[in-house]
Amino acid sequence: MPTRDEVVEALRQVEDPELGMDIVDLGLMYDVEIEGPKVKVIHSLTSPGCPVGPLIREQIEDVTSAIPGVEEVEVELTWDPPWTPDKMSEDAKFILGFG
């Protein structure tokens with residue numbers, strides 16, 4: 001069975017090409033739920049009109065399904081709570097010039 005840490009580490013490979021950073025550091029990954037071989041990734045985007053949303057979803061599915069023991073991947077896009085730059089890691093804020 002995959003662990004949460006394994007999934008989060010794999011999600012660091014999913015990059016927002018507009019910002020050049022991974023979704024974990026950007027604070028776009030909200031939660032990971034694991035139920036046996038099924039993994040659900042809950043994420044957001046920087047804006048509802050984000051043009052790379054489908055690409056990010058596809059990458060989430062690809063990197064998560066490549067983890068040993070994962071048989072099913074569900075990707076859920078949420079806007080609750082809305083993403084803000086406050087959700088970014090300190091490193092991401094520094095690199096992108098926030099705070």
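Q: Before we start, what am I looking at?

A: This is a predicted model, where local features need pLDDT of at least 70, side-chain atom pairs count only at pLDDT 80 or more, and totals for chains, interfaces and linings use all residues. Residues are numbered from 1 along each chain as its sequence is written, and side-chain values use heavy atoms, with hydrogens and water left out.

Q: How do I read the sheet, and in what order do its strands lie?

A: Strands of a sheet pair through backbone hydrogen bonds, either parallel or antiparallel. Here, helices (H or I, at least four residues) and strands (E, at least two) are DSSP runs numbered from the N terminus, and two strands pair if DSSP finds at least two bridges between them. The open sheet has 3 strands in the order β3-β4-β5, with mixed pairing. β3 (29-35) and β5 are the edge strands, each pairing on one side only.

Q: Which way do β3 and β4 run relative to each other, parallel or antiparallel?

A: They run antiparallel, joined by 6 bridges. Glu 33 sits opposite Lys 40 in β4, and Val 32 has Val 41 as its bridge partner there. The two strands make a hairpin with 2 residues between them, and Gly 36 in the turn has a positive phi of about 65°.

Q: And what joins β4 to β5?

A: Strand β4 (residues 38-43) runs parallel to β5 (residues 72-77), with 6 bridges between them. The chain gets from β4 to β5 through helix α2 (residues 53-65) in a right-handed β-α-β crossover; that label means the path from the first strand over the helix to the second runs clockwise with the strands pointing away from the viewer. Across this pairing, Val 41 stands opposite Val 75, while Ile 42 is partnered with Glu 76.

Q: Which residues of α2 are buried?

A: An α-helix has 3.6 residues a turn, so residues three or four places apart point the same way. Buried means under 20% relative accessible area (exposed is over 50%, partly exposed in between, with a 1.4 Å probe and protein chains only). In α2 the buried ones are Gly 53, Ile 56, Ile 60, Val 63 and Thr 64. They cover an arc of only 100° around the axis, which puts them on the same side of α2; the arc is taken over directions from the helix axis to the C-beta atoms.

Q: What covers them?

A: The cover includes α1, β1 (15-16), β4 and β5, with contact meaning heavy atoms within 4.5 Å.
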